[in-house]
Amino acid sequence: MKHIVKIMTLLVAISAFWMSLLQTSLIPRSYTWLLPLYFIVSLGCYGLLMVGVGLMQFPTCPQEAVLLQQDIKEAKVFLEQKGIDVSSD
Amino acid sequence: MELADRAVGFLLSLISVSIFTYYSFWVIILPFVNSDHFIHKYFLPQEYAILIPVFAGVTLLCFLSVFIGLVILKSKKKKA
């Protein structure tokens, strides 16, 4: 419940700021109309950038992968001895 | 394997940075440039700067709602 209240207050603050910008013509009018759309597009771009950067810096652990494969083999051998069928088809 | 991941990540960030710079140029800087400058050839008319994001947003919303509707229908069919 509290999280949605935070988001709502943030949205109300941003729209109040935008409307005050419309009233007092600090920026030329055509810019003020386009400002929310520009922010939405830049937010989407920022999300895409974070995904790309995270993909580039994702850490792979090669030794852990080898150890995991060994564990899988041991588990398969153990279960087959006990009579459970673990073949992948 | 991680080279493919790195390439995809790099491509994604490149696309996002290029879209951001192109759009910023379009909306912020281009109205200040003279009408007969050569740079106007590389940018579409200014109405498209509004139409294309709105159209993309509406398409995304339609796609999401259709997808959710399909999932709900499929789950209802499986239960009945």
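UniProt, in an unreviewed entry, marks residues 7–27 and 33–55 of chain A as "transmembrane region". Keep in mind as you look at them that the model is predicted. Take residues 33–55 of chain A to begin with: this span is 100% helix with 0% strand, and its end C-alpha atoms sit 35 Å apart. Residues 7–27 of chain A come out at 81% helix, again with 0% strand, and here the end C-alpha atoms are 27 Å apart.

Among the elements of chain A, the lowest mean pLDDT, 86, belongs to helix α2 (residues 29–56), while helix α3 (residues 62–82) has the highest, at 89.

Now hop over to chain B. The unreviewed UniProt entry lists "transmembrane region" here too, for residues 7–29 and 49–73 of chain B. On confidence, chain B averages a pLDDT of 86, and 99% of its residues score at least 70.

So much for the chains one by one; what about the pair? The model as a whole gets an ipTM of 0.71 and a pTM of 0.67. Where the chains touch, 14 residues of chain A are in contact with 22 residues of chain B. Together the two chains bury about 1,700 Å², and carbon and sulfur atoms give 79% of that area.

What kinds of residues make up the side of chain A that touches chain B? They split into 11 nonpolar, 3 polar and no charged. With no charged residues on that side of chain A, it's worth checking the salt bridges: the count between chain A and chain B is 0. Polar contacts do turn up, though, with 2 residue pairs found across the interface of chain A and chain B, both at pLDDT 80 or more.

Notes. Residues are numbered from 1 along each chain as its sequence is written. Chains are lettered from A and ligands numbered from 1 in the order in which they are written. This is a predicted model: local features need pLDDT of at least 70, side-chain atom pairs count only at pLDDT 80 or more; totals for chains, interfaces and linings use all residues. Side-chain values use heavy atoms; hydrogens and water are left out. pLDDT is the predictor's confidence in each residue, from 0 to 100. UniProt positions are given in the numbering used here, feature names are shortened, and annotations may be inferred rather than shown by experiment. Contact means heavy atoms within 4.5 Å. Buried area is the accessible area (1.4 Å probe) that two parts lose on being put together, summed over both. A salt bridge is a side-chain nitrogen of Lys or Arg within 4 Å of a carboxyl oxygen of Asp or Glu. A polar contact is a pair of N or O atoms within 3.5 Å; within protein, one must be able to donate a hydrogen and the other to accept it, and residues adjacent in sequence count only if both atoms are side-chain atoms. Ala, Val, Leu, Ile, Met, Phe, Trp, Tyr, Cys and Pro count as nonpolar, Asp, Glu, Lys and Arg as charged, and the others, Gly among them, as polar. Helices (H or I, at least four residues) and strands (E, at least two) are DSSP runs, numbered from the N terminus.
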